[in-house]
Amino acid sequence: MEKTRPDGIDLTEWDFWARPLDERHAAFRTLRYLPRPAFFREPELSFVPAGPGYYALTTHADVVEASRRPADFCSGQGAININDMPADLGEYFGSMINMDDPRHAKIRRIVSRAFSPRMIQRFEDQVQAVAEQVVEEVLAKGGGDFVTDVAARLPLKIICDLMGIDEAHYKTVFDNSNIILAGADTEFVSEEADQVALQLLEAGQTLKDLVEELGRRRRGEPTGDLTSALVNANIDGESLTDQELGSFFILLVVAGNETTRNAIAHGLHLLTRYPEQRELIASDFERYVPGAVEEIVRYASPVIWMRRTATRDTELNGHEFTAGDKLLLYYWSANRDETVFTDPDVFDITRDPNPHVGFGGPGPHFCLGAHLARREITVMFRELFRRAPGVRATGEPDRLLSNFINGIKHLPYAI
């Protein structure tokens with residue numbers, strides 16, 4: 001396929017991701033209307049050579065079709081990085097999101113078995129209790145930074161409590177997950193590219209050490225937490241190794257903590273920015289909240305892309321690809337596709353249908369924690385609207401400089 005990209009749009013440059021949101025959305029609109037996916041060079045990193053480049057899949061149809069065909073477009077060569085990472089980084093971040101079947105199926109089967117009905121009920125009871133505690137403290141405080149006061153606290157505590165991580169380690173988990181998903185944001189990582197690789201390795205090692213030590217204790221003395229369920233699960237004679245447990249925990253705290261945090265933060269920003277939508281959900285919360293959650297996830301798209309690699313010469317919706325071609329599935333763009341969503345730039349909590357890909361496309365890598373994320377967002381806003389109905393953002397969000405996570409670092413609020 002011809003390797004072209006339009007002038008003035010370079011998804012590889014950090015300058016592009018620092019541009020205003022409207023400009024970035026306009027650029028992706030241009031990409032969606034191209035006759036074939038645009039091609040971009042890979043980032044220049046000090047610790048890994050740049051590869052041949054990547055295609056940007058920006059339409060809803062292309063993202064969904066590639067997701068449905070894991071045999072043709074695999075995750076095992078890297079799902080969360082554009083460049084092919086060195087082995088030591090792969091060791092820390094090589095969770096099941098970077099795997100293909102049959103190993104992916106084995107790990108997901110073990111993990112899914114641990115998410116039993118009893119464990120899911122525990123999720124839901126715990127989410128309610130934590131949300132009540134968070135709102136109680138918000139009422140006493142009256143305002144501040146919504147991210148640190150509210151949005152980050154709920155998913156962090158849920159994940160740590162479920163895994164059996166002691167409260168003394170919450171800050172360690174929070175700080176190191178911020179580093180892992182920092183992108184190029186110098187609030188969390190160094191301006192020096194070679195230092196960033198070291199920071200990533202250290203963050204991954206810290207989280208792995210934390211959960212692997214806990215896993216060793218739970219093998220001998222199991223409790224009712226998720227770590228005990230994971231390390232003692234046995235599927236067809238197989239169980240998780242320490243390495244697999246550590247990598248899964250990194251995935252869990254990153255995917256299950258950071259993305260839900262950002263969805264909640266985006267939710268308050270959007271419900272403040274669009275008062276008519278706020279009035280609608282406030283008028284009948286239980287009626288409108290399911291649609292509001294889906295629309296927040298669609299509109300914000302906390303995870304911007306995932307990568308796939310062509311396993312053979314193949315075709316996708318009329319586009320020819322060669323074995324080894326890298327494809328970035330831009331959920332952020334697919335969720336604004338005008339051929340699927342009427343008025344896609346409008347935030348509409350009554351949107352129906354809403355076939356967004358905010359939790360990934362169909363296929364084996366659809367988000368395992370989608371149910372928990374929806375529950376956390378719902379319960380957090382239910383408690384806020386019930387006990388702090390005046391809660392609102394009082395300024396613009398401080399956005400993360402990242403091409404991978406549509407993150408909000410800070411959001412001023414008052415009640």
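Two strands pair if DSSP finds at least two bridges between them. Helices (H or I, at least four residues) and strands (E, at least two) are DSSP runs, numbered from the N terminus. This is a predicted model: local features need pLDDT of at least 70, side-chain atom pairs count only at pLDDT 80 or more, and totals for chains, interfaces and linings use all residues. Residues are numbered from 1 along each chain as its sequence is written, and side-chain values use heavy atoms, leaving out hydrogens and water.

**Stop one: the sheet**

Select strand 3 and strand 5 (305-310). They pair in the antiparallel sense over 2 bridges. Now pick Phe73. Opposite Phe73 stands Ala310, in strand 5.

Widen the view. 5 strands make an open sheet with mixed pairing, in the order 1-2-8-5-3. Which are the edge strands? They are strand 1 (38-40) and strand 3 (73-74), and each pairs on one side only.

**Stop two: the largest cavity**

A cavity is a set of points on a 1 Å grid over the protein atoms alone, where a 1.4 Å probe fits but cannot get out. The whole structure has 4 cavities of 30 Å³ or more. A volume is the space filled by probe spheres set on the points, which are joined across faces, edges and corners. The largest cavity holds about 80 Å³.

Select its lining residues (an atom within 4 Å of a point). Among them are Asn178, Phe188, Glu258, Arg261 and Lys409. Which element gives the largest share of the lining? Helix 12 does, with 3 residues.

Key. On a 1 Å grid over the protein atoms alone, a cavity is a set of points where a 1.4 Å probe fits but cannot get out, and a pocket is an open set with protein on both sides within 12 Å along at least five of seven lines; lining residues have an atom within 4 Å of a point.
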